Amino acid sequence: MKDGKLGFGIIGCGVIAPTHRKAIQACADAELIAVCDIDEAKGKAFAVQSGGVRFYRDFEKLAVDPEVDVVCVCTPSGLHADCVIAAAEAGKHAFCEKPLDIDRGRMTKMIEACRGAGVKLGCVFQSRTSPDNIKARQAIACGTLGRMVLGDAFLKSYRSQAYYDSAGWRGTWALDGGGALMNQGVHGVDLLLWLMNDDVERVFARCAHHVRDIEVEDTSVAVLEFKNGAYGTIIGTTSCNPGEKRRLELHGKLGTICITGSNIVRWAVTDEDDGRAQDVGPPKTVTDEGTTGDNRAVTAEGHVWLIDDMVRAIREERDPYITGESARKAVDLILAIYDSARMGQDVAVHE
Ligand SMILES: NC(=O)c1ccc[n+]([C@@H]2O[C@H](COP(=O)([O-])OP(=O)(O)OC[C@H]3O[C@@H](n4cnc5c(N)ncnc54)[C@H](O)[C@@H]3O)[C@@H](O)[C@H]2O)c1
């Protein structure tokens with residue numbers, strides 16, 4: 001805490017770190033105090049660019065800095081749990097990039113560490129902050145589409161071989177934890193679960209790397225059975241050239257909502273039990289998160305929204321907008337998709 005503001009530290013000074021810095025700087029109640037990276041030159045340069053904040057090479061040291069109240073975790077995905085647990089053990093709140101982690105046991109430990117220490121664990125899935133996505137979720141949750149029948153996510157993005165070669169952890173099982181789904185597609189998987197307002201019971205899937213020289217999948221297809229009985233599909237790839245905007249198609253007995261990018265493009269409903277749904281036209285909001293083909297093109301609005309919520313959650317002693325329990329659902333589903341593809345049979349989704 002400094003001058004009544006919550007002090008933030010950022011662990012991992014790579015591609016996404018400037019977005020966290022921007023969001024912290026945009027929040028009147030937050031101040032960036034320190035940054036950390038195992039790459040000293042990179043971390044120190046980021047500290048200087050951030051106004052001469054403190055630099056640490058060791059994330060445990062950043063976590064015990066007395067002026068740091070909240071730790072932003074921006075390291076490779078397979079290190080998220082270690083950083084969050086270090087923060088919790090130091091009595092600090094954690095704000096963790098997606099995916100929560102890449103391992104079921106570690107996700108359980110990081111959630112328990114934060115709950116046990118009485119600190120907040122806020123997670124980044126910025127698509128949940130876009131106005132059209134919120135509108136769609138509210139409509140489905142209050143029954144506007146009636147009983148849900150199908151939920152489909154088409155997550156066809158593009159990442160070049162140069163992208164995968166740009167950092168040693170990308171495209172590895174150990175630190176990326178997967179490919180097209182665990183890294184890029186996880187946003188759409190999370191959104192599908194959140195919009196459907198339901199969990200998936202079972203999956204059947206195929207995964208492969210067709211065109212990239214990586215350990216993990218660049219393409220996957222999955223058939224889903226939701227707990228409420230609805231079916232769904234997820235098609236996730238980083239090998240569509242040049243890549244398509246993310247599309248979600250949500251169908252219930254009484255209507256359909258389709259979302260392309262972050263915009264609702266179809267909203268058709270009926271209020272008659274056996275009626276044909278009529279297009280009532282999509283709402284006019286236009287937003288663009290810009291992540292289809294370029295990992296450097298993430299706009300900051302979602303992070304600004306979520307950092308502001310994180311600060312208010314701490315002040316108001318409530319859960320952040322996206323809790324660890326909620327953020328892990330997408331990862332648990334993706335891990336089940338990988339299990340199914342490996343075993344060649346359908347599998348149950350479990351934590
Ligand atoms: N929300 C989004 O849209 C979004 C976009 C991009 C990345 N991400 C997520 O952010 C995370 C980082 O991705 P990135 O693209 O910025 O990666 P990156 O490789 O550009 O940066 C990661 C940084 O972490 C540092 N690092 C590695 N091990 C460390 C350790 N033990 N201690 C401290 N620093 C360490 C690396 O040196 C590197 O500078 C990933 O989990 C990724 O999924 C989210």
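The shell around the ligand has 13 nonpolar, 8 polar and 5 charged residues by class. Ala, Val, Leu, Ile, Met, Phe, Trp, Tyr, Cys and Pro count as nonpolar, Asp, Glu, Lys and Arg as charged, and the others, Gly among them, as polar. This is a predicted model: local features need pLDDT of at least 70, side-chain atom pairs count only at pLDDT 80 or more, and totals for chains, interfaces and linings use all residues. Residues are numbered from 1 along each chain as its sequence is written.

**Ligand and domains**

- The ligand is surrounded by 26 residues, where near means a C-beta atom, placed from the backbone, within 6 Å of the molecule.
- The closest are Gly12, Gly14, Val15, Glu97 and Ala167.
- The chain is divided into domain 1 (6–123) and domain 2 (128–292 + 331–348), with bounds from an automatic or database domain assignment.
- Both domains give residues to the ligand shell, so the ligand lies between them.
- The centres of the two domains, taken over C-alpha atoms, are separated by 28 Å.
- In domain 1, 10 residues are in contact with 12 residues of domain 2 (contact: C-beta atoms, placed from the backbone, within 7 Å).
- The side of domain 1 that touches domain 2 has 6 nonpolar, 2 polar and 2 charged residues.

- An open sheet of 9 strands has mixed pairing and the order 14-13-12-11-7-10-9-8-15.
- Strand 14 (278–279) and strand 15 (347–348) are the edges; each has a single partner strand, so one side of each is left without a neighbour in the sheet.
- Two strands pair if DSSP finds at least two bridges between them.
- Helices (H or I, at least four residues) and strands (E, at least two) are DSSP runs, numbered from the N terminus.
- Strand 7 runs antiparallel to strand 11, with 6 bridges; Ala153 stands opposite Leu248 in strand 11.
- Strand 7 runs parallel to strand 10 (residues 231–237), with 7 bridges; Gly151 stands opposite Gly232 in strand 10.
- Strand 8 (residues 200–208) and strand 9 (residues 219–226) run antiparallel and are joined by 8 bridges.
- Arg202 has Glu225 in strand 9 as its bridge partner.

**Helices on the sheet**

- Helix 10 (residues 324–343) lies across strand 8, strand 9 and strand 15, at about 60° to strand 8.
- Axes are lines fitted to C-alpha atoms, for helices over the stretch in contact, and angles run from 0 to 180 degrees between N-to-C directions.

**Helix 4**

- Helix 4 (residues 80–89) has 8 of its 10 residues buried, so it is largely enclosed by the rest of the structure.
- A residue is buried if 20 or more other C-beta atoms, placed from the backbone, lie within 10 Å of its own.
- The buried residues of helix 4 include His80, Cys83, Val84 and Ile85.
- Their cover includes strand 1 (6–11), helix 3 (59–64), strand 4 (70–73), strand 5 (93–96), helix 5 (104–117) and strand 6 (121–123).
- Gly91 follows helix 4 and has a positive phi, near 80°.

**Val349**

- Val349 lies in the segment after strand 15.
- Val349 is buried, with 21 other C-beta atoms within 10 Å.
- Not counting residues up to four places away in sequence, Val349 touches Val200, Glu201, Arg202, Val203, Asp332, Leu333 and Ala336.
- Val349 and Phe55 are 294 residues apart in sequence and 41 Å apart in space, C-alpha to C-alpha.

Note on methods: Two residues are in contact if their C-beta atoms, placed from the backbone, lie within 7 Å. A residue is buried if 20 or more other C-beta atoms lie within 10 Å of its own, exposed if 12 or fewer, and partly exposed in between; C-beta atoms are placed from the backbone.
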